[in-house]
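Open the model in your viewer and colour it by secondary structure. The stops below say what to select and what is there.

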Amino acid sequence: MRNNASGATSTHVDSRRAPPSAWNLANGIVFYHLVALLALLPWVFSWTGVLLAVLGLYVFGVLGINIGYHRLLTHKGFASPKWLERTLVILGVCCLQGSPIRWVAIHRRHHEHADRLHDPHSPLVNFFWGHVGWVMTRIEGPGLLALYDRYSKDLTRDKFYVWIDRGWWLKIVSISYAVFWGIFVRTVIHWHLTWAINSVSHLWGYRNYETPDNSRNNLILGVLANGEGWHNNHHADPRSARHGHKFWELDVAWLTIRLLMVMGLATNVATPVIAARIDARSD
Ligand SMILES: [Zn+2]
Ligand SMILES: [Zn+2]
C-alpha cells in the first residue's frame, strides 16, 4: 500500500485528488448527449452501429455495472474468482459512472436510507434530482473519506480498487475501445437506464413486497435494464443475485450469473429469501 505524505490513512484513499467540479460533470454529460444525438443524423446512422451499441449495453452495462458493480461488489450476491471480479469491474469502469468504491458507497447509502432524508438520490425530492441532479453533487475531502469509510471499507482495503479510484487511467480504456456508437450512444442509453432505476423505479410500477420505501417493479425497466428494474424485489431482498422473482420477470443479469454458476465461476449465490427479511424490517 502506498503511503501519502501525511502517512497512511485508515482507508488508504488519497483525499487530495481533486474530483471533477459539478460544472465539469454537467458539461461532460451534456457533451456526451449531444454527440450521441448525432447518431440520429442519416449520414452517421448505421445498423452495424446499432448492433455495437446493443452488444456494448450487454458487455459493459450488464456484465460491468449490473453484475460487477451492483450484484457482486455492492451486495455480495455471489462469490467469484478475483480475476473474474476484476474483469467485470473494469468493464464497469468503462461506463463512466465513477470508481467502484464511490459507486458502491453511494448505492449502499441509498439502500440504508431509501426515500428518506439521507438517500443520495431519492426522486421524492423531485424527478430531476433523483434521475441526474444528484450525479452532479460534489463529494470530496473529509466528506468523501467518511462516505468511503462508512460504506466501502471492504473495497478501500483492496489496492486494485484504490488504484482505480486514484488514477482513473481506465478513462483511456473507454476512449480506446472507440467506435462512435459503442461509446457515446451506448454510454448515454446506459446512463439513463441506470439513473432511471433510481428515479422511475421509485415512482412507477407495481409492488410485490411492502418495503418501507417507495420502490417499484417497473415492467419497461425490468426488461430494458436487464433485470435491474425489478427494483421493489431488490429492495425487499438486496443481497439476492436474482432480481426477477416471478417466473415472468425476465432478468438477463441473473441468467448470466446462472451461466457463471454452471461454469463454476460463481459460488455462494444468494437467492431470494424474502419473507424472513420483510418480517425483520417491518418492526
Ligand atoms: Zn432503490
Ligand atoms: Zn442495490
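Predicted model: local features only at pLDDT ≥ 70, side-chain atom pairs only at ≥ 80, totals over all residues.

Residues are numbered from 1 along each chain as its sequence is written, and chains are lettered from A and ligands numbered from 1 in the order in which they are written.

**Whole protein.** Show everything as a cartoon. There are 14 helices and zero strands; helices (H or I, at least four residues) and strands (E, at least two) are DSSP runs, numbered from the N terminus. Of the 283 residues, 40% count as buried, that is, with 20 or more other C-beta atoms within 10 Å of their own, C-beta atoms being placed from the backbone. Among contacts (C-beta atoms, placed from the backbone, within 7 Å) with a separation of 6 or more, 67% join residues 24 or more positions apart.

**Helix 2 and helix 4.** Select residues 47-74 and 100-113. The axes of these two helices come within 10 Å and cross at roughly 60 degrees; axes are lines fitted to C-alpha atoms, for helices over the stretch in contact, and angles run from 0 to 180 degrees between N-to-C directions. Helix 2 and helix 4 are therefore oblique to each other, since angles under 35 degrees count as roughly parallel, over 145 as roughly antiparallel, 65 to 115 as roughly perpendicular and the rest as oblique. Show side chains for Tyr-69, His-70, Leu-73 and Thr-74 on helix 2, and for Pro-100, Trp-103, Val-104, His-107 and Arg-108 on helix 4: these residues make the contact.

**Helix 4 and helix 6.** From helix 4, Ile-101, Val-104, Ala-105, Arg-108 and Arg-109 take part, and from helix 6, Leu-147, Tyr-148 and Tyr-151.

**The core.** Select Val-104, Ala-105 and Ile-257, which have the most contacts inside the largest nonpolar core, a set of 33 residues. A nonpolar core is a set of buried Ala, Val, Leu, Ile, Met, Phe, Trp, Tyr and Cys residues joined through C-beta atoms within 7 Å. Helix 2 gives the most to this core, with seven residues.

**Ile-257.** Which residues does Ile-257 contact, leaving aside its neighbours within four places in sequence? Select Ile-67, Phe-78, Ala-241, Ala-266 and Val-269.

Conventions. Contact = placed C-beta atoms within 7 Å. Buried ≥ 20, exposed ≤ 12 C-beta atoms within 10 Å, placed from the backbone.
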